[in-house]
There are 2 protein chains.
Amino acid sequence: MSAQEANDVLERLCNLQRMEARAFGLRYGLQPVQMEALTYLTQCNRYSNTPQAVAEYLGLTKGTVSQSLKVLEQKGFLRKQADNEDKRIVRLAPTTKGSNLAKKALFTRSLEPALAKTDSIKIAELTSALRSILRGMQQVHGRKAFGACHTCRFNENHEKNGYVCGLTREPLSVQDIQLICREHQYPH
Amino acid sequence: MSAQEANDVLERLCNLQRMEARAFGLRYGLQPVQMEALTYLTQCNRYSNTPQAVAEYLGLTKGTVSQSLKVLEQKGFLRKQADNEDKRIVRLAPTTKGSNLAKKALFTRSLEPALAKTDSIKIAELTSALRSILRGMQQVHGRKAFGACHTCRFNENHEKNGYVCGLTREPLSVQDIQLICREHQYPH
DNA sequence: TCCAATTAGTTTCGACTCAATACTAATTTT
DNA sequence: AAAATTAGTATTGAGTCGAAACTAATTGGA
């Protein structure tokens, strides 16, 4: 019964976020899905900046996403560059114009004002509750997590020697582990 | 800084919910926006079951919504009927087929399994935190609340004599006050 | 009382999203 | 070396969307 209540509020909140995202994008001539792709690309790590990853993140087909990315490129919000090692792969990098817009979008629909009165301990609790819901939903529906490395079970903290990704064995900086990864998995 | 974290998780959660909603609707030949309208109509009260209210709820123009509703009617998910008092107004009532589908959709993306391990006190806290975020976001962006009557400042509890809406002066049943209202306003 | 303004809803149009399908090219597997 | 897989693009048709023009009912003044 209580879960139903939480459901409704969450649903409405999602709706509202989407409304604002739509309105924001419209002001800059971008469709909601284009804004979302751009935002993702400013937040993802170097393993996750491909059209395929964007498609997985947004839950759309790669054909659909390909078109949106084309528009973003034409409008100068991102650049495409072929990968050096695997020439099938396209790397997507937001331009300065693109990342500025994404930053502005994030700021506009920040929870900051809405959380202003809430103390930081409560916010931490809220975040962890939301995270556990997210994890649960992803498990139930078999979706990828797309979390940041610092919450990933493959991320290894080698203390003074920094962080290492257990999948690629590559070292990760403090900034790296804040980014979204398509290979992300929560601890068991 | 912590608000940023909550933001990200919430964003991803919204994304995921939308992906599931899309996938669910697709299985029944309905577009996401049509599912949302149908779901709204099974949850709203008798002041809020019009095309205009649906448009406000979804943040779309009435022209756009009019088309979606036409499809829903053609496919037999809802019925339109003219209002008796004001003949401009169209009342939208989900058919049995429609409300069954909406129920199924709600069940499919219920938070229940994700919250299974969480105790009910925590869930109540989570809900109230989400509600305060929702309220904050609505204030910041000047949107309507669309909450249920029991959280509305116009709702009067006359104890043994039941509930009354302070706007319409109409009596409301225990079921009524669980429904979504377009006139909803949180207490000051 | 009657005409203007407002309100609820529909229709039409053009730009755009989206899934499905078919396609190219690079890489991996056998 | 051929077959299978993987990453991405192009095309097509159904459908969303906002804007604008429209109808019809109601309200509000003079």
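I looked up Gln52(A) and found one of its backbone N or O atoms 3.0 Å from a phosphate oxygen of DNA strand D. I count this as a polar contact, a pair of N or O atoms within 3.5 Å.

The model is predicted: local features need pLDDT of at least 70, side-chain atom pairs count only at pLDDT 80 or more, and totals for chains, interfaces and linings use all residues. Residues are numbered from 1 along each chain as its sequence is written, chains are lettered from A and ligands numbered from 1 in the order written, and side-chain values use heavy atoms, without hydrogens and water.

I noted a polar backbone atom of Thr61(B) 3.2 Å from a phosphate oxygen of DNA strand D. The side chain of Thr64(B) has an N or O atom 2.8 Å from a base nitrogen of DNA strand D. I listed 24 residues around DNA strand D; a residue is near a strand if one of its heavy atoms lies within 4 Å of it. H4(A) gives the most to this surface, 5 residues; helices are DSSP runs (H or I, at least four residues), numbered from the N terminus.

I then turned to DNA strand C, which 24 residues surround, Gln34(A) and Lys80(B) being among the closest. A side-chain N or O atom of Lys80(B) is 2.9 Å from a phosphate oxygen of DNA strand C. For Lys62(B), I found a polar side-chain atom 2.7 Å from a base nitrogen of DNA strand C. Which helix gives the most to the surface near DNA strand C? I found that H4(B) does, with 5 residues.

Methods
Polar contact = N/O pair within 3.5 Å; in protein donor to acceptor, adjacent residues only side chain to side chain. Helix = DSSP H or I, 4+ residues; strand = E, 2+ residues; numbered from the N terminus.
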